[in-house]
Each structure stands twice: as C-alpha cells, then as structure tokens.
Amino acid sequence: MASDPTPAPAVRPALGIARFFQRTEWGLVLAIGVVLLVTVGLDTDHVYWHNPGPSVKDIVRQTVLLGIFALGAAVVIIAGGIDLSAGSVIAFSGTICATLLLWLAPDAVRLNQPLPLWVMTVACLGALLSGFLIGSLHAWLITVVGLPPFVATLATLVGLRSLSRALVAYVNQNSTQIPIPNREFRALANELWIPIAVCLALLAAVWLLMSRTVVGRHLYALGGNENAARLSGVPTDRLKWLAYCVSAVLSSVAGILYVASVAVVEPETLGKGYELNAIAAAVVGGCSLQGGIGSIPGTLLGALFLRVVMDGVAKIIKSSADVYEGLIVGVVVAVAVAFTQLRQAGRGGVRFFSGGLGLAAIVNLSLFAGVLLALLLRESELGGWTIFGSVAALVAVLLTGVRFAEGRRHKQK
C-alpha cells in the first residue's frame, strides 16, 4: 500500500489549564509589550501615557471583533484547509441581519423606536443560519465536487459580496447601504462588555473543542496527514464540514457585531480584506499553513498583536494610518510564515541568500525596509532620504553578512 496508515506526528494542543499558554503565546505577550514600548517612545503626543483610556477601549473592541472570526480561520487552518471568504461572509451575514430587521420592524429601524427583542433575535439567527449554509456549501464544494479549498472559498469571496450589494439595492431602493441607527441593536457592540463576553465564550468553546475532545484531536490529525487520518478511520469529510461551518458561523457573529458597531450595512466596504487579517492572526498565533499545528489562545493573542501594531502605527504617523493597514498585515503574515520556515529549514543547512536569486532578495529586502521606515517616520527630523539610505544600507550589510556566513558553513561541510 502506497500510503502509510500511521498518522504523521503533529503538535497537539495542551490539555491542562497550566499549559493554556505555551511558548508561542508567551513570545506574543513579549512582542506586544515591545510594540507598546516602541509606540510610547516614538509617539510625539505620548497618547498612551497621558490618555490611554480611549486607545485601550478601541484596541480591545477591534481585537475581540477580529478574534471572533480569526478563531474560525484557525480551526480551518489546523484542519489543513484555508478560508478566504471571511470578509465576504461578514458582509453577507450583516446584510441578512439588516434586511430582516428592516422587514420585520421598519419603523423601529428607520425612526430609532424601541426594537422588540424577538425581532433582534430572529435577525441574528437568520445571519447565523446564513453562515452555517455558507460553511456547508464550502464543505460540499471541497469534499464532493473536489475543488481545492483555495478555489472554493475564493469563489464565495467574490460572489457573496456581489450578492450582498444586489440584495441591499433590492431591499433599500437601489441604495448602496442600509442604515441601522436603532440604539437597542447598536448596544450589541457599543456596550463593550457584550462583544468581550461573546469573544471569551467562543474562545473557551473552541479551545475546549480542539483540546479536550476526540473531534479536536481528529482535526489536528486531519491537518497533519489527511490520507493517514482517513485510513485510520477518521471521518475526514465530516470534519471538513465542521471546520468550515465553524469558520463561517463565527464570521457571521462578527458580521452582526460589525453592523451594530458602524450602524450601517455597506457591502462594498464592510469586512473587505478581513480574511487576510484573520489568517494573519492565526499564523502569528502559531498556526501552520501546512496544517496540523495551531494554538487557539495564540490566535486571540495574534489578533491583539495585529491591533496593537496598527494602533501604534496610527499613533506614530498621525495621519492616513489606514493606508498602511494592508501593508502591515501583509508584512506580518510574510514574516510569521517565513520565520517558521526558516526555523525548520535552517536546521538542514539551507542557504537562503546564495546565488543570483539570493542577491536579488537582498536588494529587494533592503529597498523595502528603507522605503517602509522612511514612510512611517516621514515626520522625523532626520528626513526621508536619510532614513531610507541608512536603513537600506544597514539591512543590506546584515543580509550580506548572512550570505557570507552561509557560504562558509556550506564549504565546511
């Protein structure tokens, strides 16, 4: 038989409360502290020092919202898949929720009158049901039709957002948005304890699922070696269905809270690009994109790390900070994945900067580091060109030193 029936070893989750935080988590706690200290040092207004309250509230709010659907992304990644549709599911679920609110209680929604509890409950359940159906669709496309997870979720990434825009235009007379100013509904997000409680409850539930149940161990085994798991009797198709449903439903929860937070559904912008944020939080938190390895508490800490970095950049550069959000997330994902690969492959003596391609990498990384620091510190007294030249030269020297060290190590072998 070509396949080995023994599952490949995978990093299993901690089973005790004492090991709730492992090495990756403590490293993230340290990294978050370093980012905060750097922000305090470089922020000329010293906002964290003089008036930390609003910043802390904003970071917590954005972290719990990101953390909710990042937990779903982590489950899918641990199971060996990928979900690119989180942002569009947020937009679609938010649209379903707003549409049901508008249909069931139009006066309460438009005129900010008291909203019956049953209306809010039905609207939220409808949004969650839409997430469950989307997750089931993903599982069907992957397990029955045979589409790669990347293709299946990429299709819904594009299609769901377009469907959301069409639904909004139909419901609200060719408008691009549905305003939801109702104070009872907005309280779901404006009362900060509510999203915090929801996030912590979901964190506990997902952690227990992944660390204390047979299903969780099977999800890790599925991501570690799908063929071996199948030959061992693990119901791989059902596990994929579970993983993608968890991811989509948690994105729907986030969609409800995001709509309550901004008081409007605008599918063209709501949740746009958030799928990368979710994957970034999971990867930074210790999940391997190859599957079978991951940390649920680390994912939430990864979300906190991303939000602290983004808030720190906003404090340092003062204006147009949102322009750099995608850049920051992209860099964090690349560095996190590269660090994992370098740590694993470096033990085998792999040379990362050898040959012409290595030289090109040194040039690219040096120029990128110089441009990035020059943009972020453009208001510094040193001047943009000085920062660019100094940083680019320093990175080039360091990487060239790594290149020579690799060469000497290779010759000694």
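User: Axes are lines fitted to C-alpha atoms, for helices over the stretch in contact, and angles run from 0 to 180 degrees between N-to-C directions. At roughly what angle do the axes of helix 8 and helix 12 cross?

Analyst: Welcome! This is a predicted model, where local features need pLDDT of at least 70, side-chain atom pairs count only at pLDDT 80 or more, and totals for chains, interfaces and linings use all residues. Residues are numbered from 1 along each chain as its sequence is written, and side-chain values use heavy atoms, leaving out hydrogens and water. Helices (H or I, at least four residues) and strands (E, at least two) are DSSP runs, numbered from the N terminus. Helix 8 (residues 183–190) and helix 12 have axes that come within 7 Å, and they cross at roughly 115°.

User: Is the crossing of helix 8 and helix 12 left-handed or right-handed?

Analyst: Angles under 35 degrees count as roughly parallel, over 145 as roughly antiparallel, 65 to 115 as roughly perpendicular and the rest as oblique. Helix 8 and helix 12 are therefore roughly perpendicular to each other. A crossing is left-handed if the near helix is turned anticlockwise from the far one by less than a right angle, and right-handed if clockwise. For helix 8 and helix 12, the crossing is left-handed.

User: How many charged residues does the contact of helix 8 with helix 12 have?

Analyst: Contact means heavy atoms within 4.5 Å. Helix 8 brings Phe185, Arg186, Leu188, Ala189 and Asn190 to meet residues of helix 12, including Ile256 and Val262. Ala, Val, Leu, Ile, Met, Phe, Trp, Tyr, Cys and Pro count as nonpolar, Asp, Glu, Lys and Arg as charged, and the others, Gly among them, as polar. By class, the contact of helix 8 with helix 12 has eight nonpolar and two polar residues, while the number of charged residues is one.

User: And how many polar residues are in the contact of helix 6 with helix 7?

Analyst: Helix 6 (residues 117–145) and helix 7 (residues 149–171) pack at about 140°, their axes 9 Å apart, which makes helix 6 oblique to helix 7. On the helix 6 side are Ile134, Leu137, His138, Leu141 and Ile142, which meet Pro149, Ala152, Thr153, Thr156 and Leu160 in helix 7. In this contact, seven residues are nonpolar, none is charged, and the number of polar residues is three.

User: Is threonine 39 buried or exposed?

Analyst: Threonine 39 sits in helix 1 (residues 23–42). Beyond residues up to four places away in sequence, threonine 39 touches Tyr48, Gly312, Lys315 and Ile316. With 3% relative accessibility, threonine 39 counts as buried.

User: What distance separates the C-alpha atoms of serine 366 and leucine 398?

Analyst: Serine 366 lies in helix 16 (residues 355–376) and is buried, at 5% relative accessible area. Although serine 366 and leucine 398 are 32 residues apart along the chain, their C-alpha atoms are separated by 9.5 Å.

Technical notes
Buried < 20%, exposed > 50% of the residue type's maximum accessible area, 1.4 Å probe, protein only.
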